[in-house]
Amino acid sequence: MIKAILIFNNHGKPRLSKFYQPYVNTQQQIIRETFHLVSKRDENVCNFLEGGLLIGGSDNKLIYRHYATLYFVFCVDSSESELGILDLIQVFVETLDKCFENVCELDLIFHVDKVHNILAEMVMGGMVLETNMNEIVTQIDAQNKLEKSEAGLAGAPARAVSAVKNMNLPEIPRNINIGDISIKVPNLPSFK
Amino acid sequence: MLGYDISWAAFNIIEVMSASKFTFKRIGYLAASQSFHEGTDVIMLTTNQIRKDLSSPSQYDTGVALTGLSCFVTPDLARDLANDIMTLMSHTKPYIRKKAVLIMYKVFLKYPESLRPAFPRLKEKLEDPDPGVQSAAVNVICELARRNPKNYLSLAPLFFKLMTSSTNNWVLIKIIKLFGALTPLEPRLGKKLIEPLTNLIHSTSAMSLLYECVNTVIAVLISLSSGMPNHSASIQLCVQKLRILIEDSDQNLKYLGLLAMSKILKTHPKSVQSHKDLILQCLDDKDESIRLRALDLLYGMVSKKNLMEIVKKLMTHVDKAEGTTYRDELLTKIIDICSQSNYQYITNFEWYISILVELTRLEGTRHGHLIAAQMLDVAIRVKAIRKFAVSQMSALLDSAHLLASSTQRNGICEVLYAAAWICGEFSEHLQ
């Protein structure tokens, strides 16, 4: 079982915290303690650590990966395979990359809910739900479509943006039909 | 979120959860999963809302309700919603089935009486056509079996079939870990497992799977340690594969290799002996986790000849160690290694006493009582070195005022007590 999933940056600021056990009042302390343990690690040492005291001591392991400015830490107990969880972190980051297009820390700051939604497709209640990236992305896309279709007037700017993005400018003016008069327009060069 | 308490907003969160639009509902459930816990009073107001969402025609409404529920399910909620979730396990969409199966584990934890009626359906899901549902079912049963292995022995043949037919690495890993937990209870299972596991070890390219297979083979062999001769080949295979892991430049593999070796050490110390050089090399690794694992292995490595050199090496580490936990760990290990089997490996007790005195000079140790106990033990039992011991102790007492500062007082005072006792008891040797 996964006990907690934490993402924090190089200064210890939490960017995402998901706890699957009821740590009611100690969440901030756990984040600080975990940051303390993980930030001391060198670049080419192994990615496994014993958990700190607050999070369950030596029964729980911290499995982490460091990408640029962010630490992704999964706190697991002995029923999970360590190398498997390392793979899972990799899948998570790749999925974030696909959903956000070149994800960076700012995406995590401004779209926390989206990150939570992606995580919810992978890990549920502390157990691994899905490890196939394509499957996860399909579900996320379907849910995003559902959101967009519900958005009504508030979603109009977003729809306009995606319409312009998908427009194929050089193709449009070739045949303009105004009633009976058919005007043939010369091929416009594609402009970038 | 971020650890700040938002329990004042609980009722508002429930209002958002009951919105008809998916966008808002999703946000409501997310807030609930982050902030609701068993102490939240208004949580029982959610029961009907969740029930409505579980039977919603939109699969994503149901999905979002299941995901949210898994984070804040309470015994009452579990009792009320168990039936609805059980029906969902046979939903037409695999997306829902997967989530329903996985949440059943949480429901079982909170409301154990639901396990009995749900179990037959859970077993059916092990043979579900969708691989996601199948792996969710395997996941749940493995977790249940870890808590209570006896009840799930009867499923072993089914899992055996799954193990030999599945190609999904996650499912295989879970099943193999499960077998590792079951073998202590059923040695015949272990015997049957050795062959398919050895085949997997030879054929797989995934390191994670290889490691789990090796781990389970070790567990099997430990439970079968009646010493059947043809199993020594399997042990040799394991040790060989572990050596490859430890020699790998990837630190993670090194760590896991050392972890598994220490399991073998307990029952087959001789097989590990031949790799002493590798372990000693790992002691010098700059990664602290790896050094700690290598320390664990040292018990089986010592002999009369190399004890002094190993302890000398450990003492140099002690000097270099920055964190006090690591230093304390080293200290305990040094004492454990030296004192194991009734000081079997110590040839020169005077040397041992001087090591103990040197350890006393460490800053801020928490194990002063260990050192004190050792000194007393050795001084009482080994008559020959009493004179030497007393002279060391009196030197220690004389210099005590130089050693003791406020941070060190905890560790030092117990040792000083021991030193004083020794001097008093064997005062005939005092000069």
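Trainee: Why does B:Gln344 count as partly exposed?

Mentor: This is a predicted model, and the value is computed from it. B:Gln344 has 39% relative accessibility. Buried means under 20%, and exposed means over 50%. The value of 39% lies in between, so B:Gln344 counts as partly exposed.

Trainee: Where does B:Gln344 lie?

Mentor: B:Gln344 is in the loop between helix H19 (324-343) and helix H20 (349-360) of chain B. Along the chain, B:Gln344 and B:Tyr4 are 340 residues apart. Their C-alpha atoms are separated by 56 Å.

Trainee: Which residues of H2(A) and H14(B) meet?

Mentor: From H2(A) come A:Glu82, A:Leu83 and A:Leu86. They meet B:Asn252, B:Leu253, B:Leu256 and B:Leu259 in H14(B). By class, this contact has five nonpolar residues, one polar and one charged.

Trainee: Why are H6(B) and H8(B) called roughly parallel?

Mentor: Same test, other cut-off. The axes of helix H6 (residues 94-110) and helix H8 (residues 131-147) of chain B cross at roughly 10°. Angles under 35 degrees count as roughly parallel. H6(B) and H8(B) are therefore roughly parallel to each other. Their axes come within 8 Å.

Trainee: What classes of residue make up the contact of H6(B) with H8(B)?

Mentor: There are eleven nonpolar, two polar and four charged residues. On the H6(B) side, the residues include B:Val101, B:Leu102 and B:Phe108. On the H8(B) side, they include B:Ala136, B:Val140 and B:Leu144.

Trainee: How do you know that a space is a cavity and not a pocket?

Mentor: In a cavity, a 1.4 Å probe fits but cannot get out, whereas a pocket is open. The structure holds three cavities of 30 Å³ or more.

Trainee: How much space lies in the largest cavity, and what lines it?

Mentor: The largest cavity holds about 240 Å³ of space. It is lined by 23 residues. The closest to its centre are A:His116, A:Asn117, A:Ala120, B:Leu30 and B:Thr67. H4(B) gives the largest share of the lining, six residues. By class, the lining has ten nonpolar, nine polar and four charged residues.

Trainee: What lines the second largest cavity?

Mentor: About 50 Å³ of space lies in the second largest cavity. Its lining is A:Ser79, B:Cys142, B:Glu143, B:Arg146, B:Lys174, B:Lys177 and B:Leu178. H8 and helix H10 (169-182) of chain B each give two or more of these residues.

Trainee: How many of the residues lining the second largest cavity are charged?

Mentor: Four are charged, two nonpolar and one polar. Asp, Glu, Lys and Arg count as charged. B:Glu143, B:Arg146, B:Lys174 and B:Lys177 therefore make up the charged group.

Trainee: Last, the second largest pocket. Which helix gives the most to its lining?

Mentor: H5(A) does, with eight residues. The pocket has a volume of about 1000 Å³. Of its 31 lining residues, the closest to the centre are A:Lys114, A:Asn144, A:Glu147, A:Lys148 and A:Ala158. The lining divides into twelve nonpolar, six polar and 13 charged residues.

Technical notes:
Residues are numbered from 1 along each chain as its sequence is written. Chains are lettered from A and ligands numbered from 1 in the order in which they are written. This is a predicted model: local features need pLDDT of at least 70, side-chain atom pairs count only at pLDDT 80 or more; totals for chains, interfaces and linings use all residues. Side-chain values use heavy atoms; hydrogens and water are left out. On a 1 Å grid over the protein atoms alone, a cavity is a set of points where a 1.4 Å probe fits but cannot get out, and a pocket is an open set with protein on both sides within 12 Å along at least five of seven lines; lining residues have an atom within 4 Å of a point. Grid points are joined across faces, edges and corners, and a volume is the space filled by probe spheres set on the points. Helices (H or I, at least four residues) and strands (E, at least two) are DSSP runs, numbered from the N terminus. Buried means under 20% relative accessible area, exposed over 50%, partly exposed in between (1.4 Å probe, protein chains only). Contact means heavy atoms within 4.5 Å. Axes are lines fitted to C-alpha atoms, for helices over the stretch in contact, and angles run from 0 to 180 degrees between N-to-C directions. Angles under 35 degrees count as roughly parallel, over 145 as roughly antiparallel, 65 to 115 as roughly perpendicular and the rest as oblique.
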